[in-house]
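Q: I'm new to this one. Can you walk me through it?

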Amino acid sequence: MAAEINGFGADKRRISTQILLQEIYTALENGETEFEILSSGHHNIGGPLWTADGTPLKFRVKNPGQRVGSFGLEGTDIIVDGSAPADAGWLNSGATLTILGDSGDTTAHCAASGKIFVAGQVGTRSGSLMKHDPAFDAPELWVLKKTGSFSFEFMGGGIGVICGIDCENFDSILGDRGCAGMVSGTLYVRGPVAGLSDDVWLLDLDEADQQFLTGGLPEFLERIERPELLATLSDMGQWKKIVARTYEERNAKGRISLNEFRLGKWVEGGIFGDIIDDDYNHVAGLVNTGDDRLKIPHWLEKRYAAPCQSSCPSFIPTQDRLKLLREGKEKEALELVLRYSPFPASVCGQVCPNLCMDACSRRFLDTPVSMKQLGMLSVNTPAPPCAADTGKKIAIIGGGPGGLSAAWQLRLKGHDVTVYEADNRLGGKLYQAIPTDRLPSEILDSEIQRMLDTGIKTQTNTKVDSALFEQIRNDYEAVIIASGAHNPVIIPFPGHELMVKGLDFLKKINAGEKPTVGKKVVVIGAGNAGMDVALGAYAMGAKKVTAIDVQRPAAFKNEIDHVEALGGEIRWPIHTDHISVRGLHTKEGELIEADMVIISIGERPDLSYVPHDWLTDRGMMNVNGCWQVKAEENVIDNVFAIGDTTRPGLLTNAIGHGHEAADYCDALLNGLEIIERKKLETIPQHRLSMELFRPRNRGQLKLHDAREETTRCISCGTCRDCSMCLEACPEAAIRRVEGPNGTFEYVSDDHICIGCGICSGICPCGIWTMEQVV
């Protein structure tokens, strides 16, 4: 009577594989040789086991896990009632394994002896790495149906029999890429076979093959309880065998004549026949011109964006500005900047973090080109002339940097623009929140006046509500919403009513109210706005300012350095628990003493005047890629929203948004299709020949005049007109061609150029590009 091993304990819960195998070992030590096992995915049942006296072992298993019969030894007989998962018969060393169902991936993987019978199909890589030691009987894998892909790969010996029952409609009973890397062994297959590796032969059966199958099929079918199939499978005319090619056969190489190669391989029907039509009349030389060149040079002016322009949210092409200055066209250079931003001095020259400098290619040589000094060059530059009046009226809601940028661009295009501003003056956070020691009021005032001189109309002290907004929509042909974010975010931890809002604090300072501060001030939030609050607190008389944050401070390094230079302390991570009259209490139990706690962790926009379905789930304006407002899935064509009403950002982000929205609005008013603007790809650094520029000593680099930067700018992606390509071309194939209004281009003559690539290699700005001919 067989010993019963249950994979479930008394509590009906599954026991571990280790416990189940230990029960088998104990029963074996007690003399049991027949086992009935109720498993639940337990691994490694059936091997490697043996008896001291050689008595055979018999297992009948239900629901086994992986590796049933693995390492099974001679004298072990295993029957699986149903299917088995992966690795059945793995490293079989002599056992007989019968699976009365399907078997998973890698069945018989690395099998070295014994027999495995499968009443269904087997999975991927089954039979792979089977091997045969001549001292033992060869391993056998018998499968009633088919295998998965990559079956019998790297097979080194043994026998596989794939019967193909009910598989007539499959492309291949061996799956895809069967027998890859097979070096020995024999496979018998019945049914369709395709996609075999080049490492094998597919052959007819000889007499010995037929004798093997005739002798083995009855045992196989009896084992899997399908004896009725014997007559069907005994038709030897349906069988083929697969054997590995010999080493010599795999490495044999035929040699054809050059003429045979030219006729059979190089033309249509050969390896290049689908892409080339050889007329047999022309043979290219080693050095060629025209169509025979392997590479063709192209002068791709403006194909790439300079890193400074690509990283600038206002899209300012500084390389073009410096090129004009280098050519002595100062008026055009300064006006160029104004066509991108109305605040070159206030923002670029004073308060911008200058992301362009962080990206400047010159930093790899010495220091980035100084954008602040370049921005200040335009402080007194008059406005460019406006286009002729179009009669089209546009309203801008919000007189901050984003709204004024949009108004500026639209006025330059000739439109009638009115700006609605809730405050008593224009400028938004530029004058409300930025300390005057960072942005002198006379610079900001002069740039705002320059805008007003173009004819931009304003209505200050006018807070737009829903009624006025509807009136504006009726009175104007387009509206741009740029009211910014002015509602400070407050975290409602206990004592929050004792805190001062950072934006309100800065507005009071900039309005000249001189708010009272304590000697010790804590600022919650260490971003750029938090640093402005800290500086404001010091300006109002604070003796010690501590800025805290829950994460690494987001403020730019120069902002942090300024605060620390005044004695300020930046601490993180600090998590606030509550506020009291004694100061700020952290979740760690620390008290940071303070007479005043100011919170500056961002602001949210007040958009109560627009329809609710124009807003996202986070209360921001919902816009498409062209800044047009979306009401759920519908686009409001003539209403745009920009800046902090759509997402938090820098001042220069708002300026860039305003420029883009103005361009889209202008296209709309002119009846043109609005197409989202795509940024040019930034020029890869490897295209620049920076070794042609002489590095300056960083310690001695002193900039007295921004115009001096014309010699340091690498002019990434924009031709400097240095003519080095023209001088260096060994074939004199390059010409400089002048166009109208001082324009020019460099041209390579195809009938002279040999495609050597020297022009591309020597171009300092990455303009020349070598096209690979295919």
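Q: Which strands does helix H19 lie across?
A: Helix H19 (residues 651-669) lies across strand S13 (393-397), strand S16 (478-481) and strand S28 (634-641). H19 runs at about 120° to S28. Helices (H or I, at least four residues) and strands (E, at least two) are DSSP runs, numbered from the N terminus. Angles run from 0 to 180 degrees between N-to-C directions, with axes fitted as lines to C-alpha atoms, for helices over the stretch in contact. Contact means heavy atoms within 4.5 Å.

Q: Where do the coordinates come from?
A: This is a predicted model, where local features need pLDDT of at least 70, side-chain atom pairs count only at pLDDT 80 or more, and totals for chains, interfaces and linings use all residues. Residues are numbered from 1 along each chain as its sequence is written, and side-chain values use heavy atoms, leaving out hydrogens and water.

Q: What is the strand order in the open sheet?
A: The order of its six strands is S15-S14-S13-S16-S28-S27, with mixed pairing. Two strands pair if DSSP finds at least two bridges between them.

Q: Which strands stand at the edges?
A: Strand S15 (457-459) and strand S27 (628-631) do; each has a single partner strand, so one side of each is left without a neighbour in the sheet.

Q: How many bridges join S14 to S15?
A: Three, and S14 (residues 416-420) and S15 run parallel. Thr418 has Lys457 of S15 as its bridge partner.

Q: Switching to helices, how do H9 and H14 cross?
A: The axes of H9 (residues 344-351) and H14 (residues 441-452) come within 8 Å and cross at roughly 150°. Pro344, Ala345, Ser346 and Gln350 of H9 make the contact with Ile443, Leu444, Glu447 and Arg450 of H14.
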